[in-house]
Number of protein chains: 2
Amino acid sequence: MVKLDRIQRPELILDEAKVRRNIEAMAQKAEKCGVRFRPHFKTHQSREIGRWFREVGVTAITVSSLTMARYFADDGWDDVTVAFPVNLREMAAIDDLASRIRLHLLAVHPETVEALERDLRHPVGLFIKVDCGYHRTGVLPEDTATWERFVEVLQGSRQVAFRGILTHAGHSYKARGADEIVAVHRQALKAMARAKEVLASLYPDLQVSVGDTPSCSVAEDFPGVDEIRPGAFVFYDLMQHRIGACAMEDVAMVAACPVVARHPQRRELVLYGGAVHLSKDGVEGPDGAPVYGWVSAWGEDGWELPTGCCRVIALSQEHGIVRVCPEHWDRFRVGDLAAVTPVHCCLTANLLGAYRTLDGRVITRL
Amino acid sequence: MVKLDRIQRPELILDEAKVRRNIEAMAQKAEKCGVRFRPHFKTHQSREIGRWFREVGVTAITVSSLTMARYFADDGWDDVTVAFPVNLREMAAIDDLASRIRLHLLAVHPETVEALERDLRHPVGLFIKVDCGYHRTGVLPEDTATWERFVEVLQGSRQVAFRGILTHAGHSYKARGADEIVAVHRQALKAMARAKEVLASLYPDLQVSVGDTPSCSVAEDFPGVDEIRPGAFVFYDLMQHRIGACAMEDVAMVAACPVVARHPQRRELVLYGGAVHLSKDGVEGPDGAPVYGWVSAWGEDGWELPTGCCRVIALSQEHGIVRVCPEHWDRFRVGDLAAVTPVHCCLTANLLGAYRTLDGRVITRL
C-alpha cells in the first residue's frame with residue numbers, strides 16, 4: 001500500500017505493475033503484428049521507465065524534442081527519432097547529437113533537407129511527415145509537387161539519409177469506440193500506402209512509421225507498416241478511456257491531491273490540485289461542460305477505480321473543484337488525499353514533474 | 001532589441017519597462033485609494049521581479065502555496081499571506097515557516113483553526129475566506145452558524161491570531177468591460193461588509209482583503225477595504241484584455257516560439273510551442289472555438305502589438321497551430337520566431353519556467 005501519509009502536496013502516483021503490463025501488452029502486439037516497436041517517450045520522459053521498455057527488448061525510441069533526445073541518449077539510447085518537424089534554430093544541438101547516436105529527424109518541407117545538408121557535419125536519418133487526414137502538419141499524399149521537390153533535394157544529399165515516411169493519425173482522438181478508431185487507422189494506412197507509392201521505385205527500403213495510442217491499442221493488424229510509435233498507452237488516461245482505447249483498469253497513474261475544503265450544500269470539494277498540476281485539458285461531461293478528471297478515494301492497495309460520479313468541474317491556478325455524488329460524499333474529509341485520474345496523462349505528468357510508485361519510491365523525469 | 005537569434009526553443013520574453021509600469025500604476029492606485037498593496041506573487045514567482053515591487057515600497061506579499069512562501073521568505077520577505085485554504089498535510093512546514101516570518105493563513109472551516117491550535121508551536125495570523133459570490137470556496141456572509149463556530153474557536157486560540165476576512169471575486173473573469181467588472185466589485189464589497197458586520201463588535205481591528213486583477217485594475221474606489229492583492233496585472237494577458245482590465249499595450253510578456261512548418265493552403269503555421277509551453281487555457285474565438293493565444297511578428301524594439309488576426313487555434317503537446325490572416329502571411333517564415341500573447345499569463349509563466357528580458361537577460365523563477 002502506498003505511503004499516503006508522506007504525501008503533502010499534489011503528486012503523481014504510479015501503479016508500476018500496470019505500467020509494466022501496458023508496456024508488455026504493446027510489445028507483444030507489435031511482435032504479433034510483425035512491426036518494430038519504437039515507443040514514444042514524450043509521455044513518461046523518465047530514464048527509469050525507459051529501462052522498463054529495454055527489459056522487453058525495445059532498442060529504438062521516439063521523442064518530440066531535442067532536449068528529450070539528449071536526455072535519453074545520455075542513458076544509452078542510441079537510436080532515436082525526433083518526431084517533430086525540424087526546428088532550424090537548434091541546428092548546432094542537432095549536429096552535436098548526430099555525432100553521438102543514430103538520430104532520425106522529421107521534415108515537412110524540402111527546404112529543411114537543404115538546410116540540414118548545408119549546416120550539419122554529421123549524418124542524420126530523415127523521415128518525411130505525411131498528413132494522413134489529421135491536418136495538423138505534413139505532406140498530403142496527393143501533393144505531387146512537394147514529393148518531387150523532396151526527391152530532388154534528397155537525391156543529392158550526403159548528410160541526410162532518407163529513411164521513410166511517418167504519420168500521426170491524431171484524429172483518432174475524436175473517435176469513440178473500436179469501430180471508429182479502426183476506421184481512422186485504415187484511412188491512415190491508405191494515405192501512407194499512397195505516399196509510399198510515389199517513392200517506392202526510388203526507395204525500395206522506405207520505412208512506414210505510424211503511431212497514435214488509440215489505433216495501436218485497438219487495431220489488430222498493420223498492413224504495410226514497419227514500425228509503431230504509441231506513447232500515452234504507457235499510463236493511459238481518461239481521454240483514452242473515453243475514446244475506447246483502454247479500460248479504466250489499465251490507467252496506471254493518478255494525481256494524489258489533498259482535500260482542503262468541503263462544501264456540503266453543493267457537494268463540492270476543493271482540492272490542492274489546479275491547472276498548474278492537472279492541466280486544463282478537458283473532456284466533455286454529462287452536462288456538456290468540461291471535466292478535468294475523475295476522482296476516487298484510496299483503498300488498501302491503491303486508488304479505487306473511478307466511476308465518473310465524482311468529477312473535477314473547475315480548475316484555477318492551484319484549486320481544483322470536485323463535484324461529488326451523494327454516495328461518495330462521506331469518503332472525502334478535509335486533509336484526505338483524493339485520487340484524480342487525469343484527462344491527458346502527458347500534460348499532467350509534465351506538470352507534476354516526478355512519479356511516486358505505490359510502494360513509495362520516487363521516479364524522476366526530465 | 002531582444003537578441004532573438006539566441007532563442008532556440010519556446011521562451012518567455014518580458015518587456016521589463018512594461019512590467020515596471022504595471023507595478024508602479026497599481027502601487028499608485030493603492031496609495032491613492034488608501035489601501036495597502038499586498039501583491040500576489042503567484043503570477044511571476046520570481047525573486048528578481050519581487051525586488052521590483054520592493055523598489056516601489058511594497059513590504060508585504062501574497063502567495064498561493066507554502067512552497068512559494070518559503071521561496072520568497074528566503075529572499076527577505078517577512079510578511080506573507082498564503083491565500084489558499086490551509087493544507088493540513090503541510091503542518092510541519094507551516095510551523096517551520098511561522099518560526100521565521102509573519103505568516104498569515106487562510107481558513108474556510110473552523111476545524112482548521114482547531115488543527116492549527118493543536119499542532120503549531122509558532123504563532124500565525126489567520127484570515128477567514130469569504131465567498132463573495134464566486135462560489136469556488138469560502139464562507140457565505142449569511143452562513144451564521146459557521147461564523148459563530150469560528151468566533152468560538154478563535155476566542156480560545158493562542159497560536160492563531162485572527163486578522164480579518166479575505167475574498168477573491170474570481171467571477172470578475174466572466175465580466176466584459178468596465179461596467180460589468182465594477183458591478184462584480186461592488187457586489188464583492190457588499191458581501192465583505194456583511195461578513196464584517198458579524199464580527200466587527202468582537203474584532204474592531206479586523207482587516208478586509210480583496211484582490212482580483214480585473215477589479216483592482218478598473219475600480220476607482222475600495223470603500224471598506226484595507227488591502228488589495230492583485231497578481232496577474234504584473235504581466236496582464238489576453239484574458240485580461242478580453243475582460244477589459246487592460247489595453248493590449250499593457251501586456252508585458254509573450255512566448256517566443258519557433259515556426260517549424262507552414263501550410264499556405266489553409267494559412268496555418270506550426271509552432272514549436274504547444275500545451276506544455278502555453279497551457280490549454282483558452283478564450284472564445286470569433287467562430288466560438290477556443291483560441292489559445294494571439295500571434296504577432298517581431299519588430300525592431302520587441303514584439304508587435306497583436307490585433308487578433310493571427311490566432312493559436314489548436315495545441316497538442318509540443319505543436320501550436322496558428323491561423324494567419326492574409327495580410328500577415330508573409331511575415332512568418334520557417335525558422336522565424338513568432339510572439340504568442342498568452343491567454344493566461346500565470347499558467348504560461350508556470351510552464352516556461354524562466355524569463356528573458358528584451359535585452360537578453362535571464363530572470364529565474366521558482
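This is a short tour of a predicted model, stop by stop.

Before you start, note that residues count from 1 along each chain as its sequence is written, and that chains are lettered from A and ligands numbered from 1 in the order in which they are written. Local features need pLDDT of at least 70, side-chain atom pairs count only at pLDDT 80 or more, and totals for chains, interfaces and linings use all residues, while side-chain values use heavy atoms, with hydrogens and water left out.

**Stop 1: the interface**

Show chain A and chain B together. Each gives residues to the contact: 53 from chain B and 53 from chain A. Contact here means heavy atoms within 4.5 Å. The area buried between the two chains is about 4,400 Å². That is the accessible area (1.4 Å probe) that two parts lose on being put together, summed over both. Carbon and sulfur atoms give 53% of it. Now select Arg89(B), Arg136(B) and Gln317(B). In chain B, these lose the most area to chain A, together 18% of what that side buries.

Next, select Arg9(A) and Glu90(B). They form a salt bridge, with the closest N and O atoms 2.8 Å apart. The term stands for a side-chain nitrogen of Lys or Arg within 4 Å of a carboxyl oxygen of Asp or Glu. Between chain B and chain A the count is five salt bridges.

Which element gives the most to the side of chain B that touches chain A? Select β10(B): it gives five residues. Strands (E, at least two residues) and helices (H or I, at least four) are DSSP runs, numbered from the N terminus.

**Stop 2: strand β11(B)**

Pairing requires at least two DSSP bridges between two strands. Ala261(B) stands opposite Val270(B) of β11(B). Four residues lie between the strands of this hairpin, where Arg267(B) takes a positive phi near 45°.

Is β11(B) buried or exposed? Five of its five residues, 268–272, are buried, so the strand is largely enclosed by the rest of the structure. Buried means under 20% relative accessible area, exposed over 50%, and partly exposed in between (1.4 Å probe, protein chains only). Glu268(B), Val270(B) and Tyr272(B) cover one side, and Leu269(B) and Leu271(B) are buried on the other.

**Stop 3: strand β6(B)**

Select residues 124–129 of chain B. This is β6(B), with six of its six residues buried. Val124(B), Leu126(B) and Ile128(B) are on one side; Gly125(B), Phe127(B) and Lys129(B) are on the other. β5(B), residues 102–107, pairs with β6(B) in the parallel sense over four bridges. Leu105(B) has Leu126(B) as its bridge partner.

**Stop 4: Thr167(B)**

Go to the loop between β7(B) and α7(B), where you will find Thr167(B). At 2% relative accessibility, this residue counts as buried. A polar atom of its side chain lies 2.7 Å from the backbone oxygen of Val130(B). Thr167(B) also touches other residues, including Lys129(B), Met192(B) and Arg229(B).

**Stop 5: the cysteines**

A disulfide is a pair of cysteine sulfur atoms within 2.5 Å. Over all chains, the structure holds zero disulfides. Last, select Cys309(B): this residue is partly exposed, with a relative accessible area of 23%.

Definitions and conventions: Polar contact = N/O pair within 3.5 Å; in protein donor to acceptor, adjacent residues only side chain to side chain. Lists of a residue's contacts leave out its neighbours within four places in sequence.
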